[in-house]
Amino acid sequence: MDICSKVLAGVQRCCKPRYIILYGEKVTAGQRDLKSADFCIVLDQVNRQALLHDLYLTVQADIPVQFLLYSTEEWNALTADPNSYASAIRRKGTILYGEAT
């Protein structure tokens, strides 16, 4: 099972995301092996502190991972602004779970 599959499984054990987007990844020079990864998770409702706690305890990955959480309402508002960080994630990230936004 690759890293992204492990992270997806762990996230889905903790919550019911609308989207999971891989938006930041560092790879070993000259190879495709991930050294670290950043994931954006969009949910209908989010208690950030509690969910982040659960995610970091539940998700088992062999590399460092980080999570950025948005509620659906925040995501929709922020991605409407082409200069927002969320909009950059939407344009450049890879959707691993959920439909294209």
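Which residues of α1 are buried, and what covers them?

Modeller: The model is a predicted one, in which local features need pLDDT of at least 70 and side-chain atom pairs count only at pLDDT 80 or more, whereas totals for chains, interfaces and linings use all residues. Residues are numbered from 1 along each chain as its sequence is written, and side-chain values use heavy atoms, with hydrogens and water left out.

Helices (H or I, at least four residues) and strands (E, at least two) are DSSP runs, numbered from the N terminus. Helix α1 has 12 residues and spans 17 Å from its first C-alpha to its last, close to the 16 Å expected at 1.5 Å a residue; the expected span is 1.5 Å times one less than the number of residues. The buried residues of α1 are Ile3, Cys4, Val7, Leu8, Gly10 and Val11. The arc is that of the directions from the helix axis to the C-beta atoms. Here, buried means under 20% relative accessible area and exposed over 50%, with partly exposed in between (1.4 Å probe, protein chains only). The cover over the buried residues of α1 includes β1, β2, α2, β3 and β4 (94-97).

This packing leads to the interior. In soluble globular proteins, nonpolar side chains tend to be buried together. A nonpolar core is a set of buried Ala, Val, Leu, Ile, Met, Phe, Trp, Tyr and Cys residues joined through side-chain atoms within 4.5 Å. In this model the largest such core has 20 residues, and Val7, Val11, Phe39, Ile41, Leu55 and Phe67 have the most contacts inside it. At least two residues of this core come from each of α1 (3-14), β1, β2 (34-43), α2 (48-58) and β3 (65-71). Leucine 55 touches Val11, Cys14, Ile41, Phe67 and Leu69, if residues up to four places away in sequence are not counted; contact means heavy atoms within 4.5 Å. Another core, of eight residues, lies apart from the largest one and includes Tyr19, Ile21, Cys40 and Trp75.

Trp75 leads on to helix α3, where Thr72, Trp75 and Thr79 are buried. Seen down the axis of α3, these buried residues fall within an arc of 60°, so they line one face of the helix. They pack against β1, β2, β3 and α4, while the face turned away from the buried side of α3 carries the exposed residues Glu73 and Ala77.

Rings of Phe, Tyr and Trp (its six-membered ring) pair if their centres lie within 6.5 Å; planes under 30 degrees apart count as stacked, over 60 as edge-to-face and the rest as tilted. By this rule there are four aromatic pairs. The rings of tyrosine 23 and tyrosine 85 have centres 6.0 Å apart and planes at 90°, so they form an edge-to-face pair. This pair links distant parts of the chain, since tyrosine 23 is in strand β1 (residues 19-27) and tyrosine 85 is in helix α4 (residues 85-92), 62 residues apart. Tyrosine 23 counts as partly exposed, at 21% relative accessibility. Ring pairs also link Phe39, Tyr56 and Phe67 into a cluster.

A salt bridge is a side-chain nitrogen of Lys or Arg within 4 Å of a carboxyl oxygen of Asp or Glu, and the whole structure has three. In one of them, lysine 6 meets aspartate 62 at 3.2 Å, N to O. Lysine 6 lies in helix α1 and aspartate 62 in the loop between α2 and β3, so this bridge ties together parts that are 56 residues apart in sequence. Lysine 6 is partly exposed, with a relative accessible area of 24%, whereas aspartate 62 counts as exposed at 62%. Another salt bridge joins arginine 18 and aspartate 44 (2.5 Å, N to O). Arginine 18 lies in the loop between α1 and β1, and aspartate 44 in the loop between β2 and α2, so parts 26 residues apart in sequence are tied together. Arginine 18 is partly exposed, at 40% relative accessible area.
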